[in-house]
Amino acid sequence: MSLLIGTFTIGFILSLLALGVFISFRIFAFPDITADGSITLGASVAATLLVHGVSPPLASLAAFGAGMVAGACTGTLHTRFKINSLLSGILVMTALYSINLHVMGRSNVPLLSVTTLATQAERIGLGVTRGVTSFNLAGWDVSVRDASVLCAIAFAVALTGTLLYLFLRTNLGMAMRATGDNVQMIRALGVNDATMIVFGLAISNGFVALSGSLLAQYQGFADVGMGIGMVVWGLASVIIGEALVGSNQVGLTLVGAVMGSVLFRLMVAVALRWGLSPNDLKLITAVFVFFALITPQFLRKARLRSAHA
Amino acid sequence: MLEVQSIVKTFNSGTPNEVHSLRGVSLTLEPGSWVIIIGTNGSGKSTFLNAVAGMFFVDEGSIRLAGRDVTRWPEYARAELIGRVFQNPFSGTSPSLTIRENLSLAARRGRSRGLGWGMKSTLVSKMRDEVSRLNMGLEDRLENAIGSLSGGQRQALTLLMATWLRPELLLLDEHTAALDPKSADLLIALTEKVVAHDKLTTLMVTHSMHQAASLGDRLIMMHRGQIIHDFQGAEKRRLRPDDLLARFEEVRRAEQLDESAAQMLAEKYI
């Protein structure tokens, strides 16, 4: 049971990563690799601040801000200096590796004896149950600590997801969505598309970094290598989410991305349980995304062929 | 209203693919006038329109619009003064956004976009009225994504969007060329209504001799990056499609003569 709750918790934490990837890949059609670096940036900024006694909410907010700066850098490289979108992301991601080491001062920072959002949620949970550390849910023994962390993160994701949804329906948010959809049109309506891309990537990487900071606080450490392959992970979640909701409505696609992240994490947990070696995880993820990307074309071709026959 | 002073544009300059698209084009539009531009392929008529819209900066010359020098204004800044409808029905609207969202984007053309709510109730009721006036039954489908509409419907909406805030200048770039004849006629009728109602200053490129003869109050014929004919007033009103075709034939014959003459001279003297 504890394993299941842990799976859900990480699924929710990484759903913020999925929302970030959704903004860059889906709204702007911008393959932004920066996320691999900015998730670690968020973790290292939050961890370093927490070690120095900064309050957890403030440290998480700072992580969001740091992510925004990283995203704005990628956006500026692309729009101002006309560097290819993938390469812009790779440049910033590479630079971030050194920056993350500088932020942390070494390759990882443990958060074992520090107050984090996770320990704060546990304390609130224990306060509510008046010190009882476990309860019985349909025959399962559930730890109050685990359950309160899960509730807190689910609440946080619901809150940030709603804020993002509302933002995407404002004048500015609609202009951003239209920029990814039809640049010609949005310029003709007086919007500076370069500014939109810089700002959009900033928000995207803000979400990714926030996800990284929460992940560090939950697992109790930040590590310089924790971001490797995270973009693909986020993309897998977004693709699963799209398959789940099957709709283009903004609100539903956001919900889909969150659901996709949780479901993907569950699939991974099951696979690991069945004896998949953790070393093969990234390989399997990459293969999965490969199939998810080619399946739509494949289906279309098959449909065409059957239509001609 | 619009004052274009001898603008020059050369693409790929200094390479073997050098193209002199505009060779000193000057044109002044009176407020409320509707000017039609026709020309052969590669005559520079669309390039001229794009230069006014700001899709690129001209090499020489200046463009003034509504009393302001916009020569160095980027495309998005000029949008404050200009409404545009494109040849490609896909260019003017955002397919994954709803009709309502597209219209509300147009309702802030050239204005700041902040965190204000995009759908105010007054705006939405105005949308319903305006869209129902298109007579396409779209007023009940405001929540549908634009991607689900036909080309003719999209162009009608694009025209509505371009003129939602009254533009100082309306640019129509062969906006019926990609439509079937029936949709094209509907869109032309709509265009006449909108231009007349708002007394818009309009610059329209077309490839249809019929449209060129029947619409507007002035007609410009372009060839090889220059204006070669300018029909105004009574002269424009008398023009028939056949007259225009005759003019094109004239141009072509002159061209052939030019080339053969040039060849002859080259053989003799080089």
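**A walk through chains A and B**

Let's start with chain B: of its 270 residues, 40% count as buried. Keep in mind that what you are looking at is a predicted model. For chain B the pLDDT averages 90, and 96% of the residues score at least 70. As for the complex, the predictor gives it an ipTM of 0.87 and a pTM of 0.89.

Staying with chain B, you can pick out nine helices and 10 strands. Its radius of gyration is 20 Å, close to the 18 Å that the globule rule gives for 270 residues, so chain B is as compact as a globular protein of that length. If you follow the C-alpha trace of chain B along its principal axes, it spans about 75 × 40 × 35 Å. Now look at who touches whom inside the chain. Among the contacts in chain B with a separation of 6 or more, 71% come from residues 24 or more positions apart.

Next, the place where the two chains meet. Chain B brings 26 residues to the contact, and chain A brings 19 residues. On the side of chain B that touches chain A, helix H2 (75-78) and helix H3 (99-106) each supply at least two residues. H3(B) gives the most to that side, with four residues.

Now hop over to chain A and find two of its helices, H2 (residues 34-51) and H10 (residues 230-245). Their axes come within 7 Å and cross at roughly 105°. An angle from 65 to 115 degrees counts as roughly perpendicular, so that is how H2(A) lies relative to H10(A). Where do they meet? Ala35(A), Asp36(A) and Ile39(A) on the H2(A) side meet Met230(A), Val231(A) and Gly234(A) on the H10(A) side. The residues of this contact divide into four nonpolar, one polar and one charged.

Follow helix H2 of chain A and you will also come to Ser44(A). Is Ser44(A) buried or exposed? A residue needs 20 or more other C-beta atoms within 10 Å of its own to count as buried. Ser44(A) has 32 within that distance, so it is buried. Leaving aside neighbours within four places in sequence, Ser44(A) is in contact with Asn100(A), Val103(A), Met104(A), Val109(A) and Ala222(A). Asn108(A) is worth a look too: it sits 64 residues from Ser44(A) along the chain, yet their C-alpha atoms are separated by 8.1 Å.

Conventions: Residues numbered from 1 in each chain as written. Chains lettered and ligands numbered in written order. Predicted model: local features only at pLDDT ≥ 70, side-chain atom pairs only at ≥ 80, totals over all residues. pLDDT = per-residue confidence, 0-100. Contact = placed C-beta atoms within 7 Å. Rg over C-alpha atoms; globule rule 2.2 N^0.38 Å. Buried ≥ 20, exposed ≤ 12 C-beta atoms within 10 Å, placed from the backbone. Axes fitted to C-alpha atoms, helices over the stretch in contact; angles between N-to-C directions. Parallel < 35°, antiparallel > 145°, perpendicular 65-115°, else oblique. Nonpolar A, V, L, I, M, F, W, Y, C, P; charged D, E, K, R; others polar.
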